[in-house]
Amino acid sequence: MEAVREIQEISVHILARLSDGHTRLQIEAELVEQGHDVQFVKDMLQEAVKLRSSKKRVLGLSLILAGALICLLSCVLSIVLHLSPTAFAVVLYGFTSLGILLAFAGFTQVF
């Protein structure tokens, strides 16, 4: 049980260091100085980087999905509200722009 807790603490430490702007080499050197095995440190660092990128990917895909749903809603509402000139313009330009912005924000997180 202690080994699992130690691994979790190391992964949290690695993620915190990466978010602070430290390079992989700096983090690796720091963990090796603490007495951890070199191969273990490399594996943990690689898994922490994968975890961080997967979190960003999930956020990006959620933003893309939200943007797509808003664009779909905008399309349906613009078809339904085609006789109302003020609501039509707000829906067509406002919701569509918002949906596109969300989708592009998601793309920046994924790619």
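View A. The residues of α3 that are buried are V41, M44, L45, A48, V49, G60, I64, G67, S74 and S78.

**View B. Length of α3, residues 38–80.** Helix α3 holds 43 residues, which at 1.5 Å a residue should span 63 Å.

**View C. The buried side of α1.** Buried residues in α1 are I10, I14, L15 and L18. These residues lie on the same side of α1, because the arc they cover around the axis is only 135°. An α-helix has 3.6 residues a turn, so residues three or four places apart point the same way. The partners against which the buried residues of α1 pack are α2 and α3.

**View D. The other side of α1 and its end.** Exposed residues on this other side are E2, E9, V12, S19 and D20. The 19 residues of α1 should span 27 Å at 1.5 Å a residue, and the end C-alpha atoms are 27 Å apart, which agrees. After α1 comes G21, with a positive phi near 105°.

**View E. Confidence of the prediction.** Mean pLDDT for the protein is 89, and 99% of the residues score at least 70.

Note on methods
Residues are numbered from 1 along each chain as its sequence is written. This is a predicted model: local features need pLDDT of at least 70, side-chain atom pairs count only at pLDDT 80 or more; totals for chains, interfaces and linings use all residues. Side-chain values use heavy atoms; hydrogens and water are left out. Helices (H or I, at least four residues) and strands (E, at least two) are DSSP runs, numbered from the N terminus. The expected span of a helix is 1.5 Å times one less than its number of residues. Buried means under 20% relative accessible area, exposed over 50%, partly exposed in between (1.4 Å probe, protein chains only). The arc is that of the directions from the helix axis to the C-beta atoms. Contact means heavy atoms within 4.5 Å. pLDDT is the predictor's confidence in each residue, from 0 to 100.
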